[in-house]
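Hi,

Here is the structure I said I would pass on to you. Please open it alongside this email and follow along as you read.

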Amino acid sequence: MISEASRHCTVELQALPSRIGQVRRIVSAQLRYWQLDRLIDQAALGVTELLTNVHRHAQPDKLCTVEMELLLDRLTVSVHDHDPRIPMLGSAGPLETTGRGLALIDAVSESWGVLPKGDAGKIVWFTLPTSPTATAPVPYTVASVYGAAPVETSFAVVEAEPRECAAVRSVVTT
C-alpha cells in the first residue's frame, strides 16, 4: 500500500531469495517516484541486507513487512519480522563470506537501530538523509566493512557518529 500524502510505502512478504530482488525493485521504483533517485543504491543495499537476515535467521517464520517512510528530510526504511532475537553487529574476518550485513547498513546509513516488539518480534530500521544540503558523504574503504586491505571506492556514505563495536547503534524500548 502506498500513501502519497504521508509518503509511506508498505510491502508484506515472505523473505525468500526470489522475493528480495522484487522488493529491491519496488524500493527503487518508489524512490524514483518520490524523486529520490540518489538514495536508490543505499536504500536497496540496506533493504537487501535486512531481508537476507530475515531469510537466514528469523524464527518461527520468514513473514515480514518492509516499510519506507519519508518525513521531512529523512527516509526511514524498516523491516519487521516475528523473531524477538536482537541482531548483532558482526566482526567477520576477511575470508568469511557472511556476517557483514549490519556492518554494511552501518556504513551506508545515517543511523540504524532495533525496536524490540516483545513476542511480536522486532523492527530493524535505518535512515538516510534526503536533503542535498545534508552533510556531504565521505568515501569509505572496503577495509572498513570487509576487513580487507584498504581499497578506495567511489560509493559515498553518510556517517552520523563514530563507529563502535556494539550490538546495535540504538535500541528503543516501549
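This is a predicted model: local features need pLDDT of at least 70, side-chain atom pairs count only at pLDDT 80 or more; totals for chains, interfaces and linings use all residues.

Residues are numbered from 1 along each chain as its sequence is written, and side-chain values use heavy atoms, with hydrogens and water left out.

**How the helices pack**

Helices (H or I, at least four residues) and strands (E, at least two) are DSSP runs, numbered from the N terminus. Start with helix α1 (residues 17-33) and helix α2 (residues 40-57), which pack at an angle of about 150 degrees with their axes 9 Å apart. (Axes are lines fitted to C-alpha atoms, for helices over the stretch in contact, and angles run from 0 to 180 degrees between N-to-C directions.) That angle makes α1 roughly antiparallel to α2; the cut-offs are under 35 degrees for roughly parallel, over 145 for roughly antiparallel, 65 to 115 for roughly perpendicular, and oblique for the rest. The crossing of α1 and α2 is right-handed. (A crossing is right-handed if the near helix is turned clockwise from the far one by less than a right angle, and left-handed if anticlockwise.)

Which residues make the contact? From α1 they are P17, I20, V23, R24, V27, S28, L31 and R32, and from α2 they are I40, A43, A44, V47, T48, L51, T52 and H55. Contact here means heavy atoms within 4.5 Å. Sorted by class, the residues of this contact are 10 nonpolar, 4 polar and 2 charged. (Ala, Val, Leu, Ile, Met, Phe, Trp, Tyr, Cys and Pro count as nonpolar, Asp, Glu, Lys and Arg as charged, and the others, Gly among them, as polar.) If you wonder about the spacing along a helix, an α-helix has 3.6 residues a turn, so residues three or four places apart point the same way.

V27 has 3% relative accessibility and counts as buried, where buried means under 20% relative accessible area, exposed over 50%, and partly exposed in between (1.4 Å probe, protein chains only). Leaving aside neighbours within four places in sequence, V27 is in contact with A43, A44, V47 and M68. V27 and V77 are 50 residues apart in sequence, yet their C-alpha atoms are 9.4 Å apart in space.

Now turn to helix α3 (residues 101-108), which packs against α2 at about 155 degrees, with the axes 9 Å apart. These two are therefore roughly antiparallel as well, but the crossing of α2 and α3 is left-handed. The contact takes in Q42, L45, G46, E49, L50 and N53 of α2, and G101, L102, L104, I105 and V108 of α3. By class, that gives 6 nonpolar, 4 polar and 1 charged residues. As for cover, 8 of the 8 residues of α3 are buried.

**Salt bridges**

How many salt bridges are there? The count comes to 4, taking a salt bridge as a side-chain nitrogen of Lys or Arg within 4 Å of a carboxyl oxygen of Asp or Glu.

R74 takes part in a salt bridge with D73, with the closest N and O atoms 3.4 Å apart. Another links R74 to E110, at 2.6 Å between the closest N and O atoms. R74 lies in strand β4 (residues 74-81) and E110 in the loop between α3 and β5 (111-116), so this pair ties together parts 36 residues apart in sequence. R74 is partly exposed at 27%, while E110 is buried at 13%.

Next, look at D81 and K122, whose closest N and O atoms are 2.9 Å apart in their salt bridge. D81 in strand β4 and K122 in strand β6 (residues 122-129) are 41 residues apart. Are they buried or exposed? D81 is buried at 5%, and K122 is buried at 6%. Shared partners also join D73, R74 and E110 into one network.

**Backbone details**

A cis peptide bond joins Q59 and P60, with omega about 10 degrees. P60 is in the loop between α2 and β3 (63-71).

Q35 has a positive phi, near 60 degrees, though not a glycine. Q35 is in the loop between α1 and α2 and is exposed at 69%. L72, also not a glycine, has a positive phi of about 50 degrees. You will find L72 in the loop between β3 and β4, exposed at 87%.

Cheers
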